[in-house]
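Please have the sequence and the 3D view at hand.

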Amino acid sequence: MIVGAVLALVAGLLVAPGTAHAATTTYTADNSIFPNPERGFRDSVDILRVSAAEIRSARSTHSITLLHSYLRLDAFRTSDIDRATLDGLSAGLATVRANGAKVVLRASYNFGPYPDSEPDASESRIARHLDQLAPVLAANADVIAFVEAGFIGAWGEWHTSTNGHDTNVDAKVRILTNILAAAPSEQVALRYPSDVRLVQSRLGSAAFDRIGSHLDCYGASDPGDMGTWGRDGSTPQADKALIAAVGVDGFVGGETCNHVNTTRADCTTALAEMPAMHFTQLNIEYEPTVIQNYRDQGCFDTMQRNFGYRLRVTTATYPTSLSPGGVMPLEIGVVNSGWASVLNPRPVFAVLDGPGGQFPIALSADPRTWESGQNALVSQSVTVPSNVPAGTYRLALWLPDEAIALRGDPRYSIRLANTGTWDAATGLNVLATGITVGAQSDTSPPSVPTGVRATVSGSSPTVAWTASSDAAGGSGVAGYEVLRGGTVVGTVGRDATTFTQTGLPAGAYSYTVRAYDGAGNRSAASAAATVTVAATAGVPRLVLDNYDGNPAWGTGRNDLGRWTGANSFANGSGAGVVSGGALRLQYARTGWFASDVTRDLSDRSVMVVRVRGLMGGEQNHIGVSIGGVTQRFGEYSTSSGGNAVITTAFQDIRIPLVANGINRAAPGQLALSFWHGGSSTVWIDEIRFE
């Protein structure tokens, strides 16, 4: 959570005063209403019968990109879901994808009535249905914004369960755990603050970070909103404070409720509470009297603008003349005037767009940290691709969907709230035009850094050096690259002369430093400085899973005595097969594996995964989540430099915990997901911490 008013998202380079052809632009805010992904008013559809026409109509009429659908399972309370329903769900999600929207799903076994509801299903039947739904959810994770817990009780609202699930604490936690496992890349929203408070004490931190809130009777009555607030004896104020905390990183919203003479269903209450609880979405259809009241009182448009995130660029400083393979220093100020944050992972790119095509350059910023009401500063030096042909280009900021399948669809890219920047055809936010790419007049590199030395504290080496200089009339020293064993492991700005790595295992390391200037010229590498990280005495390796048959795979326990599981694979009834002391997982763009890691790992520095693949290169097929970090396996840095790579032979891939931003005090759960594209087989021999 951001505390200060300005966040330096990347510790990089500001444009130096001596950099040739630098420009600063200030941008104008756009106060209009326009669609953006995963936020705003939502419309209701039947996912089994949804049409392209109704999705397009919702977008054009009310800027709606978020749809809500029940998945009615009434016919399957005592039987498996039939193939026609599963295929219909897949087809409906494909229609959503083809029309540029995302969906919120809630499974239910009845539509009430209240209080004498039709039946719901047994816990075992719910578990079986989740097993059936998991492959469909995994295959369509790209267009599922989040899911509502559902399954329990009337309307799937976690009350009036005919099987008693709503009053059985252990059953609720087990069912929720199964939902989280069946949809491991989505957040899961709960109906009642009391249940949010309950699971907060029962789930690990990684699992609880995926919990949101859907308020199904907001603004109904004062003070309880039809039993929403104060359900477990807490005060309404305490419940709203809890949901406000959840809303910083989780989906909050829902729908209003039919009311009788309540002042809670008015703009005064809504505009006080919705921003405080970080509302991202609200049902535009129900309840129509309340929605009309918002229109009549004049806050409907304010809600449309401010639900979820509303990002705009304030200023940007950038070079107007670039060289292929050279350095492009960027400084971009961003403000989020919406009521919530970007909640699902999303990459950020600077893009050069011109006669040679589009050239996206990945930035290290995470838009989920651009919180409501906060300013952020993206300050980073990036390398211009060496294959950019000479010519005049536009410079743009691009925030596409994380899913590769959606990345090329501009309807899934975030539009900034600035006038004159949005290019609807490409999904780019154009920050500047007239950027010249060609040979630079400055071809002389800075001087080689001198006085390079290295020290170590625990598992953290620090490299220091004496600043370089650039020739008179040159573009000036812009920054430094620090190399370990010949591989760049860090970049710092022009005023920095130290760099620290953390979480390295025992061993000897050799560091060099090179300087670069504003034209992209790099010096030769400095003389090497070596340092040795000593072994940590008295800390034996800690094995999570090693598939040695004790305990046997499938017993629900790993070697630490905690829960472990897998599902949706093509072998071993979906759970993989243990053979020769390794877990073999066959996948085809689907499947998940997870183990609880509730132990504090602060005395460990490295996670070791001993793994091999059928073809090699499988690191790009696997998503890995642990200790608050979620990214592709191949994006994790390793102790030997570079990133994780799976080969056809077993190898120990050593992943430093601190260097990768992994929370060692609360790792929560290690989760692997296999729906990122590609089909193969991997063998996991052991996972341990050292």
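The second largest pocket holds about 650 Å³ of space. A pocket here is an open set of points, on a 1 Å grid over the protein atoms alone, with protein on both sides within 12 Å along at least five of seven lines; a residue counts as lining when one of its atoms is within 4 Å of a point. Grid points are joined across faces, edges and corners, and a volume is the space filled by probe spheres set on the points. The model is predicted, with local features needing pLDDT of at least 70 and side-chain atom pairs counting only at pLDDT 80 or more, while totals for chains, interfaces and linings use all residues. Residues are numbered from 1 along each chain as its sequence is written, and side-chain values use heavy atoms, with hydrogens and water left out.

The second largest pocket is lined by 27 residues, of which Trp 155, Glu 157, His 159, Asp 216 and Glu 255 are the closest to its centre. Strands β3 (40-44), β4 (66-72) and β8 (211-218) each contribute at least two lining residues, and β4 gives the most, with four. Strands (E, at least two residues) and helices (H or I, at least four) are DSSP runs numbered from the N terminus. By class, the lining has nine nonpolar, eight polar and ten charged residues. In this scheme Ala, Val, Leu, Ile, Met, Phe, Trp, Tyr, Cys and Pro are nonpolar, Asp, Glu, Lys and Arg are charged, and the others, Gly among them, are polar.

The whole structure has two of them. One joins Cys 217 to Cys 257, with an S to S distance of 1.9 Å. Cys 217 is in strand β8 and Cys 257 in the loop between β9 (252-256) and α8 (267-276), so this pair links distant parts of the chain, 40 residues apart. The link of Cys 217 and Cys 257 is left-handed, with -40 degrees about the S-S bond. Both cysteines are buried, where buried means under 20% relative accessible area with a 1.4 Å probe and protein chains only.

In the other disulfide, the sulfur atoms of Cys 267 and Cys 299 are 2.0 Å apart. Why does this pair tie together parts that are 32 residues apart in sequence? Because Cys 267 lies in helix α8, whereas Cys 299 is in the loop between α9 (288-297) and α10 (300-306). This link is left-handed too, with -80 degrees about the S-S bond, and Cys 267 and Cys 299 are both buried. With the bonded cysteines numbered in sequence order, the pairing is 1-2, 3-4.

The largest cavity has a volume of about 150 Å³. Among its 15 lining residues, Ala 107, Leu 133, Leu 137, Val 147 and Phe 151 are the closest to the centre. At least two lining residues come from each of β5 (102-108), α3 (123-139), β6 (144-148) and α4 (169-182). The lining divides into 13 nonpolar, no polar and two charged residues.

The second largest cavity has a volume of about 80 Å³. Its lining includes Met 607, Phe 633 and Ile 687, and β32 (606-613), β36 (668-673) and β37 (679-689) each supply at least two residues. This lining has twelve nonpolar, no polar and no charged residues.

Note on methods:
On a 1 Å grid over the protein atoms alone, a cavity is a set of points where a 1.4 Å probe fits but cannot get out, and a pocket is an open set with protein on both sides within 12 Å along at least five of seven lines; lining residues have an atom within 4 Å of a point. A disulfide is a pair of cysteine sulfur atoms within 2.5 Å. Buried means under 20% relative accessible area, exposed over 50%, partly exposed in between (1.4 Å probe, protein chains only).
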